[in-house]
Amino acid sequence: MVLCIATDDSHSLSCLSLKFGVSLKSCRHLLENAKKHHVEVVGVSFHIGSGCPDPQAYAQSIADARLVFEMGTELGHKMHVLDLGGGFPGTEGAKVRFEEIASVINSALDLYFPEGCGVDIFAELGRYYVTSAFTVAVSIIAKKEVLLDQPGREEENGSTSKTIVYHLDEGVYGIFNSVLFDNICPTPILQKKPSTEQPLYSSSLWGPAVDGCDCVAEGLWLPQLHVGDWLVFDNMGAYTVGMGSPFWGTQACHITYAMSRVAWEALRRQLMAAEQEDDVEGVCKPLSCGWEITDTLCVGPVFTPASIM
């Protein structure tokens, strides 16, 4: 068993310690009871939540984990596992870069869990790996203009101020559920870059559900868009497709896999070189995770990219 400890995630966008994790003052009691009931505690885990702007929260949690390790060892538990949790940023524009967090973590590990101490250390890097792997394209299925009935507020050309409401074919109950869970405001990329002469209008994006909570983004300034236009959102790989639901008849989004032409050519050369090798033993050597080897059966990977960019 691994004992999960509470952390200071008060500044994180997604706080987990409210639900998971035990305070330091309760750890000894739990470790004693585990020993009493013959439950072996092998390590410590923690999770400071997602979107934490303070890397020092990791250092403090690692220091706390060291104290719990000492408690467990003193009570006879064989402690050898440390789980650093997840929530690591997967975008370049994050408030705190992954490299900054890694530097703080490595310094703390050198101090509290130095190399050769016999502890297996790992982290949960799902968000870091997949955030930038997916880009979402959605279409505008409806729009309406709402006049802002506020005296004294007029556009420069003298017309009445207005905001434009766009309805998309995806919403917060589908792929944009991160708006609810991560408290983010997605910013769309337009198909065509607007000219400097085009006026911008106060705009908001809404999903297809007949629900007042299905708001994807507000406070945007966009040029005049039309039904059928497409909007693109990058960095949509984490907690999106897997968290969606069929609420209000929302259909599962279609996924198209693509890779750059440079990457495709490099992969193709690798596969061609593998085919030319004369395997004396009759067992293929794996080149990547795309190869499957079962006993003497060796099946080469079949790559069918949906598009080559």
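How many bridges join β6 to strand β8 (residues 201–206), and do these strands run parallel or antiparallel? Five bridges join the two, and they run parallel. Keep that pair in mind as we walk through this structure, which is a predicted model.

## The chain as a whole

Let's start with the overall picture. The protein chain comes to six helices and 14 strands. Of its 309 residues, 34% count as buried. Now take the contacts between residues at least 6 apart in sequence: 73% of them join residues at least 24 apart.

## The six-stranded sheet

An open sheet is formed by six strands, and their order is β7-β10-β5-β6-β8-β9. The pairing in this sheet is mixed. At the edges stand β7 and β9 (215–222), each of which pairs on one side only.

Strand β6 (residues 162–168) has six of its seven residues buried, so it is largely enclosed by the rest of the structure. Towards β8, histidine 167 stands opposite tryptophan 206.

Two bridges join β7 to β10, and the two strands run antiparallel. Here leucine 190 stands opposite leucine 231 in β10.

The loop between β7 (189–190) and β8 holds glutamine 198. Which residue can we compare its position with? Glutamine 224 is 26 residues away in sequence, yet the C-alpha atoms of glutamine 198 and glutamine 224 are 8.3 Å apart in space.

## Two helices side by side

Two packed helices are described by the angle between their axes and the distance between the axes. The axes of helix α1 (residues 24–36) and helix α2 (residues 56–74) come within 10 Å and cross at roughly 25 degrees. An angle under 35 degrees counts as roughly parallel, and α1 and α2 are therefore roughly parallel to each other. Their crossing is right-handed.

Which residues of α1 make the contact? They are Leu24, Cys27, Arg28 and Leu31. On the α2 side, the contact is made by Asp64, Leu67, Val68, Met71, Gly72 and Glu74. Sorted by class, the contact of α1 with α2 has six nonpolar, one polar and three charged residues.

## Loop residues to look at

Most residues other than glycine have a negative phi. Two residues here have a positive phi although neither is a glycine: histidine 38, at about 60 degrees, and asparagine 235, near 55 degrees. Histidine 38 lies in the loop between α1 and β2 (43–45). The place of asparagine 235 is in the loop between β10 (230–233) and β11 (258–259).

Technical notes: Residues numbered from 1 in each chain as written. Predicted model: local features only at pLDDT ≥ 70, side-chain atom pairs only at ≥ 80, totals over all residues. Heavy atoms only, no water. Axes fitted to C-alpha atoms, helices over the stretch in contact; angles between N-to-C directions. Helix = DSSP H or I, 4+ residues; strand = E, 2+ residues; numbered from the N terminus. Parallel < 35°, antiparallel > 145°, perpendicular 65-115°, else oblique. Left-handed = near helix turned anticlockwise from the far one by under 90°. Contact = heavy atoms within 4.5 Å. Nonpolar A, V, L, I, M, F, W, Y, C, P; charged D, E, K, R; others polar. Buried < 20%, exposed > 50% of the residue type's maximum accessible area, 1.4 Å probe, protein only. Pairing = 2+ DSSP bridges.
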